[in-house]
Amino acid sequence: MTFICRRDLRDIKSPESSAPPNYAVKLNTENNEQLIVDNGVVSVTLSIPEGYVIGISYNGIDNILEAEREEQDRGYLDVVWNAQGKPSLFQRIHGTNFSVITADENLVEVSFLRRWESSMNGTNVPINIDTRYIFRGGDSGFYAYTVFDRPEGLPAVEVDQIRFVFKLQQDRFNYMAIADNRQRRMPTMKDRETGQILAYPEAVLLTKPTNPEFRGEVDDKYQYSCENRDNSVHGWISVDSDAPVGFWMITPSNEFRNGGPVKQDLTSHVGPFTLNMFVSTHYAGKEVTMAFEEGETYKKVFGPVFVYLNSASSPNDSLSLWSDAVQQLSKEVQSWPYDFPRSEDYLPPNQRGTVFGRLLVQDRCIRGGRFQYANDAYVGLALPGDAGSWQKESKGYQFWTRADPKGYFTIKNIVPGDYNLYAWVPGFIGDYKYNATINITQGGIINLDKLVYSPPRNGPTLWEIGVPDRSAAEFYVPDPYPTLMNKLYSDKQRIDRFRQYGLWERYIDLYPNDDLVYTVGVNKYKKDWFFAQVTRDIGNKTYQPTTWQIIFEHRHHIFRGNYTLQLALASAADAELEVRFNDPSIDPPHFATGQIGGDNAIARHGIHGLHRLFSIDVPGDHFVKGKNTIYLKQSRAINPWQGVMYDYIRLERPSPSSN
């Protein structure tokens, strides 16, 4: 059967598109095994009833996707999951029930539903998954989203990953772009296959590339990771074609992604592959898994996202396709939330709410305790929990914004429900949480007026190292080995030069015999504090713990009461940090974190993972007038990537009121 839909295209323009103003959108289901939708610009072929995207025709190209791959391995939704206590399983989601949701004069929406049955126990993720595609006449692309639904009675499960994947023609797409300053011509999958695998499979030294310019470079998909706040458009260009084509993944909202605005995740990488990561444990570990108890109900919409295609008339204009994709992103953001998805679980603009207010900061030891503007604060709504719990939250929606220079903020388009309001302010430690649950109703507007955040503080600052911004980027990032470089990040002025491979190995080059010693008032953290405290490689795949020292002069008599060491970590990877004061051998240590972290940010060039703050009370008798030393020992040492990244360290003297 062929359905025909008509739409007025007078206001729709797509690159190199000449679709007539009243073009008929065609939905062809005559083949029982395939669905073909042609909207006048793109033609998409999907398998029935599975819902795999097996072909995308555009601009005279029969199939943008890699036709040499099996049909289920070109465009699909996948999940990584495990039953409690069981190994993880990778699963492509294939529908078992195809249906046409709507095929009217405005749009076509189709559904590929995989409903869980008890016979699937142990082999299929116990969630009903409805994957949908939307086609509008004249659009230079199509929309995709998925609805996850757990009715009562389903088994317990842990979900680590949810994503869309598209695998493009290898011989056509050779230039990748994920930001204005992160784009380049890329090696091929064959280059990786003929290269040398380095310390882990994702990292490959290109030894026999087809293009000599890549010889001696490292390719690693994690070098192209991106924080959620910036992970909005990325993709590929066929720059060597006479008529270049771009393929882009556009994400107009982060509300359905896990872990908050600074959670990092994959984008595009050699394949050529383009991903849309909705949920993952990357740069966080199992602490952010979606864990459902037996019988727990759940429903959430992931997306829609926009698969956008564009074209240029000549190779000289190929890089303009990136600028055009950025402009298209702006249009999609302005249109969010969309008003055209037909799922009753996706809420349009008129069914959402708004919260606004103003956040101020009051630190009693700064500016006499006067209020300060929470300039550029991250302010957001997430499921109720403890302060800071949003960064480990993966089940619910999250809605974030940045406060203006005077601390005013507005959060729009919030899905109705119960939330806590959270915030953190660059330049201040700790997490803010509003003291009441916020109930968002359809069309509701809530004015929170003036909110005051009092960051952790027990006394005046004696000294500090770093900047409290939840990142280790301000510390010393060494030059990479010349033989293990990615040329994209070779400029020493780049703020993201931490993305080079193997930087952890530079530690023993800089400190071959003794560990780092930092003297307050003498050393500068930008050049003397290594970005990650890693293990020491002593050869034969054997590693030792490392102990860093902070030396400072206490010029006055020791104050009565407790000092406070504010110790903020930007990352932890299977680490245990022990803290000792003026006694490097005392056992047990004065303070220990216990085993923490699974973010793998050191190996994955991330500069931060989950943020942790430890406020450590230090009795005054642990210090002396004159020279003092704080010993920071990372005691776990099995592999080269165990360790921590520091965000910020501050020593506070006891409050004057206690003396």
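Trainee: Let's start with Tyr422: is it buried or exposed?

Mentor: Tyr422 has 0% relative accessibility, so it counts as buried. Here buried means under 20% relative accessible area, exposed means over 50%, and partly exposed is in between, using a 1.4 Å probe and protein chains only.

Trainee: What kind of model is this, and how are things counted?

Mentor: It is a predicted model, where local features need pLDDT of at least 70 and side-chain atom pairs count only at pLDDT 80 or more, while totals for chains, interfaces and linings use all residues. Residues are numbered from 1 along each chain as its sequence is written, and side-chain values use heavy atoms, with hydrogens and water left out.

Trainee: Thanks! Where does Tyr422 sit?

Mentor: Tyr422 is in strand β31, which spans residues 417–424 and has six of its eight residues buried. Strands (E, at least two residues) and helices (H or I, at least four) are DSSP runs, numbered from the N terminus.

Trainee: Which strand pairs with β31 over five bridges?

Mentor: That is β28 (residues 378–382), in the antiparallel sense, with Leu381 opposite Leu421. Two strands pair if DSSP finds at least two bridges between them.

Trainee: What about β33 and β32, how many bridges do they make with β31?

Mentor: β33 (residues 438–440) pairs with β31 in the antiparallel sense over three bridges, and Tyr419 stands opposite Ile438 there. β32 (residues 432–433) is antiparallel to β31 as well, over two bridges. Your Tyr422 faces Lys433 in that pairing.

Trainee: Switching to helices: how many residues does α2 have?

Mentor: Helix α2 (residues 320–335) has 16 residues. From first C-alpha to last it reaches 23 Å, close to the 22 Å expected at 1.5 Å a residue; the expected span is 1.5 Å times one less than the number of residues.

Trainee: Which residues of α2 are buried?

Mentor: Leu321, Trp322, Ala325, Gln328, Leu329 and Glu332. They cover an arc of only 115° around the axis, which puts them on the same side of α2. That arc is taken from the directions from the helix axis to the C-beta atoms. The face turned away from this buried side carries the exposed residues Gln327 and Gln334.

Trainee: What do the buried ones pack against?

Mentor: Several strands, among them β11 (141–150), β13 (175–179) and β25 (298–311).

Trainee: What is Val159 in contact with?

Mentor: Leaving aside neighbours within four places in sequence, its contacts include Val79, Trp81, Ile127, Met290 and Phe292, where contact means heavy atoms within 4.5 Å.

Trainee: Last one: where does UniProt place the Rhamnogalacturonan lyase domain?

Mentor: The unreviewed UniProt entry places it at residues 375–446 and 461–651. UniProt positions are given in the numbering used here, feature names are shortened, and annotations may be inferred rather than shown by experiment. Residues 375–446 are 0% helix and 43% strand, while residues 461–651 are 5% helix and 40% strand.
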